[in-house]
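Subject: Structure for you to look at

Hello,

Here is the structure I said I would pass on. Please open it alongside this message, and keep the sequence to hand.

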Amino acid sequence: MATSPAVPSHPTPPGGPAGSDAFAGTSGPRRPHWWQRGAIRGTGLVILLALSGLVILALVREQTGTEGFLVGLGLATLPVPLLIAAFRWLDRVAPGPWRNLLFAFSWGACAAALIAIMANSFATRWIATATADPTSADTLGATVIAPVVEETAKAAAVLLVFLFRRADFTGVVDGFVIAGVTATGFAFTENILYLGNAFGTDQLSGESGLASVTAATFFVRVVMSPFAHPLFTVLTGIGFGIAAVTAEHRTARRALLPCAGLLLAMGLHAFWNGSAGFGEYGFFVVYATFMLPLFGLLTWLAVWLRRRELRLVCDELPVYVAAGWFTAPEPYALGSLPARTLARDYAAFHLGKPAGRTVVEYETCATALALLRHRARHGRAGADFVARERELLQALWERRAVAAPALGYAARATAPVLVPLPHAAYGPVGAYGPVLPPCHNPYRP
C-alpha cells in the first residue's frame, strides 16, 4: 500500500504548532456537553426554521388571501433559481457544501422574514400611536426601522455560518455567497407578500394586464431590482469575509469589520427605501445613478476575487509538488477553470459520475489547501493550521488515484504549446500533448 508523502515545511501558525501535543498532560479530549453536539444543534436549527416557516406562511397567507398567496408564490419564485445559480457560479472555485446554502436560504426566507414582519409591524404601530401620525410612521418605518431590522436579521445567518462552519468560511467569496443566498431567501418571502397584496388590490379594482398593480410590482421588484436585497446584505458578507482572513490576534479588527459591513448595508438599504421620497422620478434616478453602478462594481469585485483564488492555487501548490503530494501538471490544471471542468468531465466519462464528483472534491480540497497556506505565509493562519493542513492533505491523498490522471489529461489538453508527452492514465490520447507553462510563484522552493 502506498504511503502518503511527508507534510512540507510551513510557517508556524500564530499560537504555536497544533497537533497531538495540544492535549499533552491531559487524560484525553473532553467529551462535549449535550448542547455542543452537532446532531443536537442541527436538529434544533431544523425545528426552529420549520416553525418559523409555518408561522411566516400563515402570516403571509392571512394578509394576501389564498389566491393572492399562490399568485405571489409563483411570481416570486422566478428570480430565485437565477440568483442561486449566480452565487453558486461565483463559488465555483472552492464551492461550499450545499447544506450551508440551504441553511442560508431557509434562514432568510423563514426566520429573518418572520423577525422583520413582526418587528417592523410593532415598531410602525408604536410610532403611529406615539406621534398620532400614521403617514410619518410609515415613512419612518420604511427608511429607518426596516433597514436596521431586516439587515440585522439577515446578518445573523452569516454570523452563524462564520461561527459554526468556520472551516467552510475562508474568505470574502464565502461572505459574498452566504450573504447573497440569505438575502435571496428573504427577498423571496417579501416578494410573495408584495405581489400577493398587489394581486388582491387588482381583484378589488378590476384591473388586469400591464396596467395592473401586480404587473407594476412585478416589474419593479422582480425585473428591475431582483438583486436589491442581495446587494445590501453582501456588504455585511464582505465584512465577515475580510474578518475571516484577518489574523486572529487582531481581535478588534475582526469584530469591527462585520459591524462596519452591517452599517453600510443598513445605510444603503435606507437610501434605497427612501428614494421614493426624492420626487416623482427619485426612484429611477437613484436606480440609474447609484444602484446599477454599485451592482456593477460589486460584480466586478466578485469576479476579480474568483480569479485571484485561481492565481493563488497556481502559486501556492508547487511547494506540495516538491513534497510529492501533487504531480507537476496539477497546479496549472487546478488554477484553470476550463481545465478543472475538463478533468471532471473526463473522469465522469471514463469511470462514471461518482468519479466526476471525486474530482470536484479533490479540486475543492486543493483550493482550500492553497488558500490556507497563503494565509499562513502572511501570518494569518489560525492555531489549527497544522491540523487543518493534514486533514486536507489526507482528503486529497484518498482521492488522488482518480483525480490526478484526470487533471493531468486536462492540463495537457488546455495548455497552449504542443510537445510530446506521455499517454493519460485512463488510456491513450495521442502522441502529442501541450507543454505546461510554469506557475509564477516567487516563494516556490
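What follows is a short account of what was found in it.

This is a predicted model, in which local features need pLDDT of at least 70 and side-chain atom pairs count only at pLDDT 80 or more, while totals for chains, interfaces and linings use all residues. Residues are numbered from 1 along each chain as its sequence is written, and side-chain values use heavy atoms, with hydrogens and water left out.

Overall picture

The protein chain holds 14 helices and 2 strands; these are DSSP runs numbered from the N terminus, H or I of at least four residues for helices and E of at least two for strands. Of the 445 residues in the chain, 46% are buried. Buried means under 20% relative accessible area, exposed means over 50%, and partly exposed is in between, with a 1.4 Å probe and protein chains only. Of the contacts between residues at least 6 apart in sequence, 74% join residues at least 24 apart; contact means heavy atoms within 4.5 Å.

Helices α2 and α5

Helix α2 (residues 79-90) packs with helix α5 (residues 172-205) at an angle of about 175°, and their axes are 9 Å apart. Axes are lines fitted to C-alpha atoms, for helices over the stretch in contact, and angles run from 0 to 180 degrees between N-to-C directions. The two helices are therefore roughly antiparallel. That word covers angles over 145 degrees, against under 35 for roughly parallel, 65 to 115 for roughly perpendicular, and oblique for the rest.

From α2, the residues Val-80, Leu-83, Ile-84, Phe-87 and Leu-90 meet Val-173, Phe-176, Val-177, Gly-180, Val-181, Thr-184 and Phe-188 of α5. Sorted by type, the residues of this contact are 10 nonpolar, 2 polar and no charged. Here Ala, Val, Leu, Ile, Met, Phe, Trp, Tyr, Cys and Pro count as nonpolar, Asp, Glu, Lys and Arg as charged, and the others, Gly among them, as polar.

Phe-87 of α2 is buried, with a relative accessible area of 11%. Its C-alpha lies 7.1 Å from that of Gly-180, 93 residues away along the chain. Neighbours within four places in sequence aside, the contacts of Phe-87 include Phe-176, Val-177, Pro-230 and Val-234.

Helix α7 (residues 228-244) has 17 residues and reaches 25 Å from its first C-alpha to its last, close to the 24 Å expected. The expected span is 1.5 Å times one less than the number of residues. In α7, 16 of the 17 residues are buried.

Helix α6 has 12 residues and reaches 15 Å between its first and last C-alpha, close to the expected 16 Å. Its buried residues include Thr-214, Arg-221 and Met-224. Thr-214 has a relative accessible area of 11% and touches Leu-75, Leu-195, Ala-198, Phe-199 and Asp-202, not counting residues up to four places away in sequence.

Helix α14 (residues 385-414) spans only 33 Å between its end C-alpha atoms, whereas a straight helix of 30 residues would span 44 Å. There is a kink of about 75° in α14, centred on Arg-400.

Other residues to look up

- Thr-367 is in helix α13 (residues 353-377) and is buried, at 0% relative accessibility. Leaving out residues up to four places away in sequence, Thr-367 touches Val-93, Ala-94, Val-313 and Arg-340.
- Arg-61, in helix α1 (residues 38-77), is partly exposed at 45%.
- Val-46 and Phe-103 are 8.8 Å apart, C-alpha to C-alpha, and 57 residues apart in sequence.
- Arg-308 lies in helix α9 (residues 282-316) and is partly exposed at 29% relative accessibility. The C-alpha atoms of Arg-308 and Gly-335 are separated by 9.7 Å.

Regards

Technical notes:
Bend = angle between axes of the 7 residues up to and from the residue.
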